[in-house]
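Here is a short briefing to read alongside the model. Take a look at the fold, and then let's walk through its surface, its overall build and one of its helices.

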Amino acid sequence: MKIITSIFFILCSSISLAQVNSAEIDRIINNVVKTNGPGAIVYVKQKGKVLYEKAFGKSNIELNVDMKTKNTFNIASISKEFTAMSILQLMEKGKLSLEDNLNKYLPNYSKNGDKIKIKHLLSHTSGLKSHTDTIWANTDGRRYFESMENVLNYFKKDVIKFEPGERHDYCNLNFNVLAYIIEQTSGMSYSEYVEEHIFKPLDMTDSYIPNEGQVIPNLSTGYELKDNKIVYARYHSLNQTRGSSSIHTTVQDLAKWYEGLMNSKVVSRTTLRKAWSPFVLNNGMSEVYGYGFYSGEKFNKTAIFHNGFIFGYSTSDMYFPEDDLLILVASNISDINVINTNNIIFDIAANIYKKNTPKLTAGTLDSYVGNYRMKEGFGAKVFREGLQLFIIVSDGKPDKLFPESQTVFMVKDFPAKAEFLPSENDSGEMGIILSRGADRFEGIKED
């Protein structure tokens with residue numbers, strides 16, 4: 001993967017503006033977002049020029065309030081980008097080192113506290129077990145705590161899933177701990193630090209890390225799906241999600257965030273390159289996550305992206321540094337069966353970069369269709385509808401496959417890939433490799 005080189009960060013004036021077909025993007029959104037249901041905002045910007053900015057659906061269904069482009073959302077796990085950059089700011093100031101271990105800040109928090117380093121927390125490779133599961137969401141997710149230390153101690157589960165740096169395992173607790181480390185090294189609360197060192201310098205005037213019960217201007221009402229009905233989202237305690245979530249902002253302020261990153265107003269370009277590069281595991285394999293960001297190749301372009309889902313809200317961002325192209329999608333419902341911001345942002349990128357997508361014949365696609373048995377024992381089914389290929393893994397939901405080449409496909413619900421291997425196995429049958437970062441699963445077509 002062509003990531004990340006010094007040339008990669010040079011945004012030349014010769015880069016032409018992306019070809020954005022507004023009618024096509026309208027069609028993509030209107031196929032998903034209902035006019036009388038939860039809404040979404042789509043925002044596309046390149047080289048300082050807004051190419052597309054529209055709101056769809058309702059900000060509040062009960063009061064029949066239309067979604068506006070200036071509405072505010074809880075961006076959920078995209079907040080991790082801000083936490084990661086805050087840590088890297090403190091590193092640049094000499095306040096901490098990415099090699100510092102957990103025991104330095106939280107002695108005896110984990111039996112692996114001497115092995116878990118800040119770099120492992122940033123890359124979700126610490127091995128710590130997360131507490132944010134379904135049980136938490138329906139019970140302790142409402143509990144209020146006075147401090148980040150109290151949150152961490154209450155949810156302390158010294159269950160080590162693997163040795164630090166051994167593999168990637170997305171865990172919100174990593175970024176809760178990082179928020180606490182920010183407080184310990186800066187002498188400020190997490191909220192104060194982000195507001196003072198990121199929001200204010202970047203003029204993000206519509207961004208907040210709210211306290212419990214704080215009124216957020218222009219906040220869209222959050223919804224969930226329960227028993228196939230759209231209902232108000234469950235309440236959750238905001239102070240529990242400091243570091244991993246809880247930032248509320250607008251798409252316009254998120255655009256300022258990416259502009260600030262690329263103009264070195266947050267961290268140096270060298271540090272940003274490190275954050276946007278895949279983390280290298282102990283075995284030398286590269287993951288799809290760096291420090292607070294995913295990175296991967298999409299449509300033969302390097303893409304930086306993240307998504308966030310939390311009670312009532314979902315947000316996805318995707319940035320193509322080579323073209324200085326930013327795509328943002330925010331919604332006020334957290335159920336992907338109603339509105340999937342990941343799918344929307346992928347479809348928009350696919351439309352913009354459709355010239356980069358190879359054309360495959362029906363005959364080639366048919367050669368990939370069939371049932372596959374993976375060496376690990378699970379199955380995968382590949383089928384097509386028209387010229388669109390789909391994959392179902394282990395009786396899960398169908399995912400669209402988009403070609404990067406004649407044999408390599410992106411899985412629409414990023415960041416996984418599927419590679420077909422025609423006659424490259426001992427039996428002469430079609431092979432397949434499913435991959436996500438360092439994880440690779442090989443299989444053979446059975447019929």
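Accessible areas here come from the Shrake-Rupley method with a 1.4 Å probe, and for residues only the protein chains shown count as cover. On that basis the protein has an accessible surface of about 18600 Å², with 48% of it belonging to carbon and sulfur atoms. This is a predicted model, in which local features need pLDDT of at least 70, side-chain atom pairs count only at pLDDT 80 or more, and totals for chains, interfaces and linings use all residues. Residues are numbered from 1 along each chain as its sequence is written, and side-chain values use heavy atoms, leaving out hydrogens and water.

**Confidence**
- Mean pLDDT (the predictor's confidence in each residue, from 0 to 100) is 91, and 95% of the residues reach 70 or more.
- Over residues 5–14, pLDDT stays under 50.

**Overall build**
- The protein has 11 helices and 20 strands, which are DSSP runs numbered from the N terminus (helices: H or I, at least four residues; strands: E, at least two).
- Of its 447 residues, 56% count as buried, meaning under 20% relative accessible area with a 1.4 Å probe, protein chains only.
- The C-alpha atoms fill a box of roughly 65 × 50 × 50 Å along the principal axes.

**Helix α7**
- Helix α7 spans residues 190–199, and its buried residues are Y190, S191, Y193, V194, I198 and F199.
- Seen down the axis of α7, these fall within an arc of 160 degrees, so they line one face of the helix; the arc is that of the directions from the helix axis to the C-beta atoms.
- The buried residues of α7 pack against α2 (79–92), α6 (172–186) and α8 (251–262), where contact means heavy atoms within 4.5 Å.

Note on methods
Buried means under 20% relative accessible area, exposed over 50%, partly exposed in between (1.4 Å probe, protein chains only).
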